[in-house]
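Q: I have a model open and some questions about its fold. Can we go through it piece by piece?

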Amino acid sequence: MREYNFDGLVGPTHNYGGLSAGNLASTSHGGKPSHPRQAALQGLEKMRFVAGLGVGQAVLPPQPRPSLRTLRRLGFTGPDEAVITRAAREAEHLLRLTSSAAAMWTANAATCAPSSDTGDRRMHLTPANLQQMFHRALEAETTHAVLSAIFADEARFAVHAPLPGGGQFADEGAANHTRLVTPGHAAVHLLAWGRSSWKEFTAPQRFPARQTLEASQALARLHQLDPERTLFPQQHPEGIDAGAFHTDVVAVGNGGFLMLHERAFVDPTGLLGTLQQKLGEGFTFTVASEAELPSQDAVKAYPFNSQVLTLPDGSMAIIAPVESQETDTARRFLERVVAERNPVKQVHYLDLRQSMNNGGGPACLRQRIVLTDEERAAVKANVFYTPELHEALAGWVTKHYRETLYPDDLKDPALARETMTALDALTRILRLGSVYDFQQ
């Protein structure tokens with residue numbers, strides 16, 4: 001089996017909406033000009049770099065923004081241009097919400113369980129409903145359509161509908177999911193949560209907890225995971241209040257290695273002991289204390305929102321944002337990780353500032369999907385990275401993306417038309433068929 005990092009392409013309307021409470025980078029950059037072309041090309045360069053390491057790499061398409069489907073559901077009628085003009089005049093905040101760029105962070109797109117771990121031996125995917133934030137809840141329908149088009153072979157893949165209901169089953173996707181596995185032991189799945197709909201828990205005081213325990217439990221059932229190898233750790237309320245709105249802001253795991261901050265989970269010592277018991281001697285971990293790496297530095301520099309990748313020789317590499325290199329405490333912590341006795345042998349720092357300014361690091365930009373060779377061959381869409389696909393996508397970005405986008409540009413109906421033209425061309429490049437509502 002091989003892991004593929006499905007990175008989200010940054011969309012043509014990449015903007016800084018400042019819409020996400022608890023995401024400090026997002027709120028601090030809200031309303032500033034953005035650079036969609038640069039953002040998309042930075043993402044493509046990350047894909048090229050990861051593929052160059054010998055790691056599986058693939059791509060997921062952007063979503064149409066503004067979401068005209070949503071604006072029409074909210075009572076704005078008429079041709080596309082009239083919908084946007086009226087929304088800009090009467091409800092500018094709704095236009096900003098429906099123009100959110102957050103779908104680029106495909107760690108929130110879905111939660112995946114590989115066929116080796118599931119009861120029916122199919123790969124399972126459940127698109128996240130993202131119910132906690134309105135601007136993100138808009139993504140689920142399109143995500144389901146895209147994933148269903150890519151993983152269309154129902155004999156090998158089970159693409160579920162997003163979890164039903166409202167906030168009681170709020171699901172934030174793989175950003176709260178970690179899969180760990182060691183030689184000779186079956187995988188263990190960590191499905192973290194920040195709040196419970198019906199169980200008493202200690203809640204954060206400053207920022208909202210997003211993922212519910214009930215959603216995490218439902219995912220485990222849907223994916224037919226072994227209950228003995230599925231854990232439900234609670235996110236630490238102090239970590240959430242520091243800005244760690246998802247687990248992947250303060251913890252990341254790969255293979256048999258887990259890297260975490262002491263404020264990632266409520267009982268890190270107990271969790272690590274359970275993992276050692278279930279995964280054996282092959283399990284290794286590194287914990288950052290608050291004294292070594294203050295939570296505010298972890299949130300600012302995103303060392304835990306790195307990708308930890310297994311290389312062809314079996315060693316691991318960390319792909320970290322350049323902000324981790326520039327922040328002394330984060331850089332020293334990552335240097336300690338490499339120096340310790342674990343599989344991590346190297347750290348690479350990449351410039352992803354356009355994404356980081358909106359609150360998403362390297363790990364936010366990718367959905368991890370483990371496939372067998374047969375499952376990989378069953379995917380007919382042109383989504384797996386090749387140099388030829390890279391050149392096609394870079395050319396597509398250069399042709400269709402604006403260099404700079406100002407907040408008032410979202411009111412321009414021409415931008416929506418440009419985006420639809422671009423995405424229509426992209427579906428032909430990726431051989432996805434008609435996955436967008438405007439193509440129906």
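Q: How many bridges join E7 to strand E8, and do they run parallel or antiparallel?
A: There are 2 bridges between E7 and strand E8 (residues 230-231), and the two run parallel. Strands here are DSSP runs of E with at least two residues, helices are runs of H or I with at least four, and both are numbered from the N terminus. Two strands pair if DSSP finds at least two bridges between them.

Q: Before I go on, what am I looking at?
A: It is a predicted model, where local features need pLDDT of at least 70, side-chain atom pairs count only at pLDDT 80 or more, and totals for chains, interfaces and linings use all residues. Residues are numbered from 1 along each chain as its sequence is written, and side-chain values use heavy atoms, with hydrogens and water left out.

Q: Are the faces of E7 covered or open?
A: Both are covered. Val188 and Leu190 on one side, and His189 and Leu191 on the other, are all buried. Buried means under 20% relative accessible area, exposed means over 50%, and partly exposed is in between, with a 1.4 Å probe and protein chains only.

Q: Zooming out, how many helices and strands are in the chain?
A: The chain has 17 helices and 15 strands. Its radius of gyration is 20 Å, close to the 22 Å that the globule rule gives for 440 residues, so the chain is as compact as a globular protein of that length. That radius is taken over C-alpha atoms, and the rule is 2.2 Å times the number of residues to the power 0.38.

Q: What box do the C-alpha atoms fill?
A: Roughly 60 × 45 × 45 Å, along the principal axes.

Q: What share of the residues is buried?
A: Buried residues are 60% of the 440 in the chain.

Q: Which residues other than glycine have a positive phi?
A: Arg121 is one, with phi near 60 degrees, and Tyr302 is another, at about 60 degrees. Most residues other than glycine have a negative phi, and most peptide bonds are trans.

Q: Where do they sit, and is each buried or exposed?
A: Arg121 is in the loop between strand E3 (110-113) and strand E4 (123-127) and counts as exposed, at 52% relative accessibility. Tyr302 is in the loop between helix H11 (295-301) and strand E12 (307-310) and is buried, with a relative accessible area of 3%.

Q: What does E12 pair with?
A: E12 pairs with strand E13 (residues 316-321) in the antiparallel sense over 4 bridges. Leu309 has Ala317 of E13 as its bridge partner. The hairpin has 5 residues between the strands, and Gly314 takes a positive phi near 95 degrees there.

Q: Last topic, Leu365. What does it touch?
A: Leaving aside neighbours within four places in sequence, the contacts of Leu365 include Phe6, Asp7, Lys46, Trp105 and Leu352. Leu365 is in the loop between helix H14 (353-356) and strand E15 (366-371), and it is buried at 3% relative accessible area.

Q: And Thr142, which residues does it touch?
A: Not counting residues up to four places away in sequence, Thr142 touches Gln63, Pro64, Arg69 and Tyr436. Thr142 is in helix H7 (residues 140-150) and is buried, with a relative accessible area of 5%.

Definitions and conventions:
Contact = heavy atoms within 4.5 Å.
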